[in-house]
Amino acid sequence: MANETVFERYAGNPVVIASAVPRANSIHNPAIVKRGEGDYAGVFRVDEISMDFVLHVGFSRDGIHWDIDPEPARIESDDPDVFVSNFSYDPRLTLLEGTYYLTWCNAGPQGPKIGLATTKDFKTFTQGEDLLPPANRNCVVFPRKINGKYAIFHRPSDRGHTPFGDIFYATSPDFVHWGAHRFVFGPMGGWQSLKTGPGPAPIETDEGWLLIYHGVWRSCNGYLYYIGGALLDLDKPWEVLYRTKDYLLAPTETYERVGDVPNVCFPSAAVMEPDDTLRLYYGCADTCVSMAEAKLSDVVQFIKTHSF
């Protein structure tokens, strides 16, 4: 297949298409985890035929063949001022201290903001206060505390199709009050010259935190989304050790080039398998879900040897 540097695409891509949910116009940009029982659970962005953006839960025995609930995810709150908007998209999932933390873009009239909910069983989610106010579009939770505090990566945004994008790190003592925002990195040359944003939950390695991220450049025909990787200091994750100058994956396959938003590879979930395989799930052209695999050690080595 075209342009495979270290990740190898699944030959049966895409693994999820719109026909999986009756009201779907498209299904993409999923949040997926592998549970202790050995099965996979996910939260999927479903753009409906009304063009409402809704989150749906799905399950799979092998991470490839998915059964997605035709009804929206049950995200509950006792506070009427805390609710899920009908413009909810781009979820991320992290297992932290025995609980799954779901973040997503819970957009409203004031712009995109970061929603927060938790679950243990994926049957119901308990919604908390929005984690970050407008305008912010991407957010992912670290799988453990850093220096005694909860931590996230996030990407400030605007109300439109943001023509900029820097990744920031922030911490909280209680998952309510967030501060100590530190710049991590932003656009550089080539395929990541317009904006960047965090992808799946960071993965802890001996070489540092592995962050898979998206980078965007603007051609004469619009935005193109690529996948890159970075290694960050374990104690100071805002300090970049290595960052890919060469992309990990680019939109070259037909299902990545053709769709509602052409030329998009959007990484949103990564699952570690027992044999050191890193399984990457990504949205394609804002239309479907695909998967690619690589050995974690190969990804780390590629980032170190193809860095700025």
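Okay, let's start with Asp39, which is buried at a relative accessible area of 19%. By buried I mean under 20% relative accessible area, by exposed over 50%, and by partly exposed anything in between, with a 1.4 Å probe and protein chains only. The areas themselves come from the Shrake-Rupley method, and for residues only the protein chains shown count as cover.

Quick housekeeping: this is a predicted model, where local features need pLDDT of at least 70 and side-chain atom pairs count only at pLDDT 80 or more, while totals for chains, interfaces and linings use all residues. Residues are numbered from 1 along each chain as its sequence is written, and side-chain values use heavy atoms, with hydrogens and water left out.

So, who is Asp39 talking to? Its side chain meets that of Arg35 in a salt bridge, 2.7 Å from N to O. A salt bridge here is a side-chain nitrogen of Lys or Arg within 4 Å of a carboxyl oxygen of Asp or Glu. Arg35 is buried too, with a relative accessible area of 14%.

How many salt bridges does a search of the whole structure find? The count is 13. I'll take you through a few.

Lys113 and Asp130 pair up through their side chains, again with 2.7 Å from N to O. That pair links distant parts of the chain, 17 residues apart: Lys113 is in the loop between β8 (99–106) and β9 (114–119), and Asp130 is in the loop between β10 (125–127) and β11 (136–141). For the labels, helices (H or I, at least four residues) and strands (E, at least two) are DSSP runs, numbered from the N terminus.

Next one: Glu293 and Arg279 form a salt bridge, with their closest N and O atoms 2.9 Å apart. Glu293 sits in strand β22 (residues 288–295) and Arg279 in strand β21 (residues 277–284), so this pair ties together parts 14 residues apart in sequence. Glu293 is partly exposed, at 29% relative accessible area, but Arg279 counts as buried at 9%.

And there's a network as well: salt bridges link Glu4, Arg9 and Glu256.

Which residues gather in a patch of negative charge on the surface? They are Glu76, Asp78, Asp79, Asp81 and Glu129. Patches are made of residues with over 30% relative accessible area and no salt bridge; like charges are joined within 9 Å, and nonpolar side chains (Val, Leu, Ile, Met, Phe, Trp, Tyr) within 5 Å. Lys and Arg count as positive and Asp and Glu as negative, while His and the chain ends are not counted. The place of a charge is NZ of Lys, CZ of Arg, CG of Asp or CD of Glu.

Asp81 and Gln127 are 46 residues apart in sequence, yet 11 Å apart in space, C-alpha to C-alpha.

On to helix α2, residues 296–305, where Leu296, Val299, Val300, Phe302 and Ile303 are buried. They sit on the same side of α2, because they cover an arc of only 160° around the axis. That arc is taken from the directions from the helix axis to the C-beta atoms. You'll remember that an α-helix has 3.6 residues a turn, so residues three or four places apart point the same way.

One of those residues, Val299, has its C-alpha atom 9.1 Å from that of Leu210, although they are 89 residues apart along the chain. Leu210 is in strand β17 (residues 208–219), and counts as buried at 1% relative accessibility.

Last topic, the backbone. Most residues other than glycine have a negative phi, and most peptide bonds are trans. Here, the bond from Asn13 to Pro14 is cis, with omega near -5°; Pro14 is in the loop between β1 (8–9) and β2 (24–34). Pro134 and Ala135 are also joined by a cis peptide bond, omega about -5°, and Ala135 is in the loop between β10 and β11.

As for positive phi, Asn263 has a value near 65°. Asn263 lies in the loop between α1 (254–257) and β20 (265–272), and is buried at 13% relative accessibility. Asp276 has phi near 75°, sits in the loop between β20 and β21, and is partly exposed at 27%.

Notes:
Areas by Shrake-Rupley, 256 points an atom, 1.4 Å probe, with all protein chains shown as cover.
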